[in-house]
Amino acid sequence: MTKRGLVLAGGGLAGIAWETGVLRGIADESPATARALLDSDLLVGTSAGSAVAAQLASGLELAALFDRQIAPSSTEINPNVGIDEITALFITAMTRPNTTKADKLRKIGAIALSTQTVSEAVRREVIAHRLPTHDWPDRALRISAIDTATGELVAFDRTSGVGLVDAVAASCAVPGIWPPVTIGERRFMDGGIGSAVNLSLADGCDVVVALIPQGRSAPSPFGGGAAAEVAAGGAFGVFADEDSLAAFGANPLDPACRAPSALAGREQGRRVAAEVANFLAG
C-alpha cells in the first residue's frame with residue numbers, strides 16, 4: 001500500500017499564509033487532490049510549516065484556516081527584525097573555517113541563546129493562539145527542531161512527551177528573532193536552520209509532496225538547497241513562484257504579509273493543482 005507524506009517547509013508568517021493558500025487553491029480546482037494531501041499518512045512540519053501541519057491535523061476545515069490568514073487582525077507580534085539581520089547571523093556562523101555543519105549549528109545556537117528577545121512565555125502565547133487545538137492529533141505528525149547545544153535535528157511527535165504548543169514554538173524559534181524554547185534540560189531553536197524542508201523526516205513515505213515558500217533557486221547555507229533536496233528525495237516540490245515571492249514582501253516575519261501571501265498562494269494553488277494531481281496519480 002502506498003504511503004503518502006505532506007511536507008510543509010519553513011518561511012515565516014508569509015510561509016504559513018502561503019502554504020494554507022496553496023492548499024486552498026488546490027481545493028478550488030481539485031477537491032479530491034486537496035483531500036488526498038490533507039489525508040496524507042504523515043505530516044512533516046518545519047518552522048512555519050510546523051504551525052500549518054498542526055493546524056491541518058487539528059481537524060479545522062481548510063476554508064476556516066484560510067480565513068484566519070486573511071483576517072485583518074491577528075495575535076502575531078512584529079519582531080521589527082528582518083531577513084538582513086538573520087542573514088548577518090548566518091554569515092557570522094558560516095564563515096568559521098574548518099568546521100562541520102554541527103559546529104556551525106551550535107554556533108548559531110549560541111548566538112540564539114545570547115540574543116535579547118521577548119520572553120519564552122510571551123512567544124509561547126503567540127504560538128498557542130495559532131493552534132486550533134493544543135493536543136497532539138491521533139495521526140502521524142512530525143515537527144522538527146534543533147538542539148542549540150548539539151546542533152542535532154530532532155523530530156517531535158505525540159510519543160515524545162512534549163506538548164504540541166512547545167514543539168511548534170521550538171520549531172518556529174528563529175535564532176536572533178525569537179527565544180529558544182526550553183524543554184526539560186534542553187533548549188531548542190528553529191527546525192529550519194539546517195534545512196527549510198527536512199525531507200528526511202518523511203522517511204518511509206513512498207509519495208511525498210512538499211510545499212516550500214521560497215524560490216526554486218533560493219540558496220542554502222548547507223548543501224545544494226531545497227530544490228536539490230527535493231529532487232534527490234524524489235518528491236514533488238511546489239515552490240513559490242514570482243507572484244507569490246512578490247506578495248511575501250521585504251519581510252516574511254511581518255504580520256502584514258499574511259493576507260497577500262495567502263491570496264497569492266491560493267492563486268498559485270489553482271495553477272498547480274493539475275500537476276499535483278498527476279503526481280499523486282503516479
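Which residue just after H3 takes a positive phi, and of about how many degrees?

Modeller: The model is a predicted one, and in it the residue just after H3 that takes a positive phi is Gly59, with a value of about 95 degrees. Ten of the ten residues of H3 are buried, so the helix is largely enclosed by the rest of the structure. Read in order, these buried residues are Ala48, Gly49, Ser50, Ala51, Val52, Ala53, Ala54, Gln55, Leu56 and Ala57.

Ser47 is not a glycine, yet it has a positive phi of about 55 degrees. Ser47 is also buried, with a relative accessible area of 8%. A positive phi of about 55 degrees is found again in Asn198, which is likewise not a glycine; Asn198 sits in the loop between strand E6 (186-190) and strand E7 (207-212), and with a relative accessible area of 5% it is buried.

One is helix H2 (residues 31-38), in which Thr33, Ala34, Ala36, Leu37 and Leu38 are buried. The cover over the buried residues of H2 includes H3, together with strand E1 (4-8), helix H1 (12-29), helix H4 (62-70), E7 and helix H11 (258-281). The other is Pro137, which, leaving aside its neighbours within four places in sequence, is in contact with Ala57 and Arg158; Ala57 is one of the buried residues of H3. Pro137 belongs to the loop between helix H7 (120-130) and strand E3 (140-147), and it is buried, with a relative accessible area of 11%. Although Pro137 and Ile127 are ten residues apart in sequence, their C-alpha atoms are 17 Å apart in space.

Now the chain as a whole. It contains eleven helices and eight strands. Its radius of gyration is 17 Å, close to the 19 Å that the globule rule gives for 282 residues, so the chain is as compact as a globular protein of that length. Along the principal axes, the C-alpha atoms fill a box of roughly 45 × 40 × 40 Å. Of the 282 residues, 54% count as buried, and among the contacts with a separation of 6 or more, 78% are between residues 24 or more positions apart. The chain exposes about 11700 Å², of which carbon and sulfur atoms supply 51%. As for charge, there are 23 positive and 30 negative side chains, and the centres of the two sets lie 2 Å apart.

Lastly, the cysteines. A disulfide is a covalent bond between the sulfur atoms of two cysteines. The structure holds zero disulfides. In the case of Cys257, the closest cysteine sulfur is in Cys172, 13 Å away, which is too far for a bond. Cys257 counts as buried at 5% relative accessibility, and Cys205 counts as buried at 15%.

How values were computed:
Residues are numbered from 1 along each chain as its sequence is written. This is a predicted model: local features need pLDDT of at least 70, side-chain atom pairs count only at pLDDT 80 or more; totals for chains, interfaces and linings use all residues. Side-chain values use heavy atoms; hydrogens and water are left out. Helices (H or I, at least four residues) and strands (E, at least two) are DSSP runs, numbered from the N terminus. The radius of gyration is taken over C-alpha atoms; the globule rule is 2.2 Å times the number of residues to the power 0.38. Buried means under 20% relative accessible area, exposed over 50%, partly exposed in between (1.4 Å probe, protein chains only). Contact means heavy atoms within 4.5 Å. Accessible areas come from the Shrake-Rupley method with a 1.4 Å probe; for residues, only the protein chains shown count as cover. Lys and Arg count as positive and Asp and Glu as negative; His and the chain ends are not counted. The place of a charge is taken as NZ of Lys, CZ of Arg, CG of Asp or CD of Glu. A disulfide is a pair of cysteine sulfur atoms within 2.5 Å.
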